[in-house]
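Work through these exercises with the sequence and the model side by side. Try each task before reading its solution.

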Amino acid sequence: ELAAKPGVWRLSAALAQRREQSNRAVADFEKALDLEYRQMPDLINLEAVRHDYRDLLSRYMVIVKAAQTLQQAPPADLSARVIRAADRWRALDSDAREVCQTTAKILKRLGAKESAWDYLTTPVALKPNEAAPWTDLAGVLRGDGELELADHAYARAFVSEATNPQILWDRAQ
């Protein structure tokens, strides 16, 4: 009966984290979020949802970086777990920029470049005629060293908002 309560799993995750049992903490936190997602009320605290899923994705990034540092393969199911968490966050939050950018970074490090690109371009697909998603995409691509793709994204942003000189300045930089 207690296993069906998300609060119990959150407590278990917190205790595991204090004991420096990171794997168990992540698994218990995933279980808590899974139960909460299934029992979602009509009214939710969106900031709490963002905080929880941001925390979970940051824990996934730690796992990926640790595996790369140790030159080991990350858990085989990690990509699926990342995608499940990201899709749940997107289902609850209409602002997809942060979740998509974070998920894309994790998936890219996992070697799932096609999936990473899909997540990276999702905000653009949701608002194709607005400049902001294009400039956000360009900024991420520039940060990743993908200058040719960043240039293309800045060009598309300027087409959407030709009266904004900041886009031209950022593109020139």
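**Exercise 1.** Leaving aside its neighbours within four places in sequence, which residues is arginine 59 in contact with?

*Solution.* Start with the ground rules. This is a predicted model, where local features need pLDDT of at least 70 and side-chain atom pairs count only at pLDDT 80 or more, while totals for chains, interfaces and linings use all residues. Residues are numbered from 1 along each chain as its sequence is written, and side-chain values use heavy atoms, leaving out hydrogens and water.

Next, find arginine 59 in helix H3, residues 46–69. Helices here are DSSP runs (H or I) of at least four residues, and strands (E) of at least two, numbered from the N terminus. Now look for contacts, meaning heavy atoms within 4.5 Å. With neighbours within four places set aside, arginine 59 touches Gln17, Ala25, Val26 and Phe29.

**Exercise 2.** Is arginine 59 buried or exposed?

*Solution.* Take the cut-offs: buried is under 20% relative accessible area, exposed over 50%, partly exposed in between, with a 1.4 Å probe and protein chains only. Arginine 59 has 18% relative accessibility, so it counts as buried. Across the protein chain, buried residues make up 35% of the 173 residues.

**Exercise 3.** Which residues of the largest nonpolar core touch the most other members?

*Solution.* A nonpolar core is a set of buried Ala, Val, Leu, Ile, Met, Phe, Trp, Tyr and Cys residues joined through side-chain atoms within 4.5 Å. The largest one has 39 residues, and Leu57 and Tyr60 touch the most other members. Elements giving two or more residues to this core include H3, helix H4 (78–92) and helix H5 (97–109). H3 gives the largest share, 8 residues.

Beyond its neighbours within four places, its contacts include Val26, Leu78, Val82 and Ile106.

**Exercise 4.** How many aromatic pairs does the structure hold?

*Solution.* Rings of Phe, Tyr and Trp (its six-membered ring) pair if their centres lie within 6.5 Å; planes under 30 degrees apart count as stacked, over 60 as edge-to-face, the rest as tilted. The structure holds 1 such pair. Tyrosine 53 and tryptophan 89 form it, stacked, at 6.5 Å centre to centre and 25° between the planes. Tyrosine 53 is in helix H3 and tryptophan 89 in helix H4, 36 residues apart. Both tyrosine 53 and tryptophan 89 are buried.

**Exercise 5.** How many helices and strands does the protein chain have?

*Solution.* Count along the sequence. The protein chain has 9 helices and 0 strands.
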